[in-house]
Amino acid sequence: HLAVDATMGIAESNVIELNVRAFAPEVTVALPTNMYIVGSFAASNNWATFVPLHQAFSQDGFFFGMVHLQDGAEFKLSPKEGWGEDRGFDAVILDESIAGNITQGDGTNMKITNGGWYTVVVKTKIAGDKINYTLILSEPKLYLFGAANGDVWEYADENLFKVPEDANGEFVSPAFAAAGEIRIAFQTGIDWWKTELTLDGAGNIYYRD
């Protein structure tokens with residue numbers, strides 16, 4: 001029975017059966033497999049240069065890289081090497097750690113106040129029928145791993161690379177502790193081996209895949 005209103009008595013019904021069908025909304029989007037940053041920081045203010053970020057190993061939707069941004073540089077993010085799906089100030093969630101350092105530039109561009117070298121992290125997440133983009137900029141930290149650092153398999157200050165003061169400088173590793181395998185990893189808040197790189201036989205940077 002059902003108490004409709006204390007002043008109107010009780011409504012009673014025969015026993016009924018309800019057939020309930022579970023409903024799951026159809027997911028019509030997928031996490032991006034590529035990510036680029038494009039903007040005035042590129043050589044000669046070249047907005048046609050889409051600089052690739054790298055997908056973390058075994059971490060879908062997580063992209064990272066290291067970029068030098070000049071004071072006042074403007075930029076956007078894009079899941080493809082071209083325009084049409086780019087994301088700007090109005091469509092990117094800014095991590096609270098960079099509040100105040102990123103403002104709205106021309107149109108929907110993102111604009112950085114304090115330039116320099118940054119580790120760039122973009123986290124993407126499915127939210128209903130769209131993709132949320134979260135941008136994190138942090139101090140650039142590269143670490144030496146492998147036999148070359150004496151087999152220390154964790155982030156350690158003595159294995160931190162020296163960061164150059166300008167865009168054309170070099171990242172310099174600490175002295176090698178031993179001969180052997182060299183690995184390098186970004187510090188991004190996830191396991192180091194998900195953001196590691198090394199050199200291939202031709203001396204080219206090779207990211208773990």
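Select Tyr143, Phe145, Trp153, Tyr155 and Trp192: they form one aromatic cluster. The model holds 11 aromatic pairs (ring centres of Phe, Tyr or the six-membered ring of Trp within 6.5 Å; planes under 30 degrees apart are stacked, over 60 edge-to-face, the rest tilted).

This is a predicted model, with local features requiring pLDDT of at least 70 and side-chain atom pairs pLDDT 80 or more, while totals for chains, interfaces and linings use all residues. Residues are numbered from 1 along each chain, and side-chain values use heavy atoms, without hydrogens or water.

Next, pick Phe64 and Phe186. This aromatic pair is edge-to-face, 4.9 Å centre to centre, with 65° between the planes. Phe64 lies in strand β6 and Phe186 in strand β14 (residues 183-186), so the pair ties together parts 122 residues apart in sequence. Both are buried (under 20% relative accessible area, 1.4 Å probe, protein chains only). Strands here are DSSP E runs of at least two residues, numbered from the N terminus.

Stay on Phe64: its bridge partner in β11 is Val121. Eight bridges join β6 (residues 62-69) to β11 (residues 116-127), and the two run antiparallel. Now show the whole open sheet, ordered β5-β6-β11-β12-β8 with mixed pairing; strands pair if DSSP finds at least two bridges between them. β5 (54-55) and β8 (93-94) are at the edges with a single partner strand each, so one side of each has no neighbour in the sheet.

Go to Leu135. Beyond its neighbours within four places in sequence, its contacts (heavy atoms within 4.5 Å) include Phe75, Leu77, Ile98 and Met110.

Terms used. Helices (H or I, at least four residues) and strands (E, at least two) are DSSP runs, numbered from the N terminus. Buried means under 20% relative accessible area, exposed over 50%, partly exposed in between (1.4 Å probe, protein chains only).
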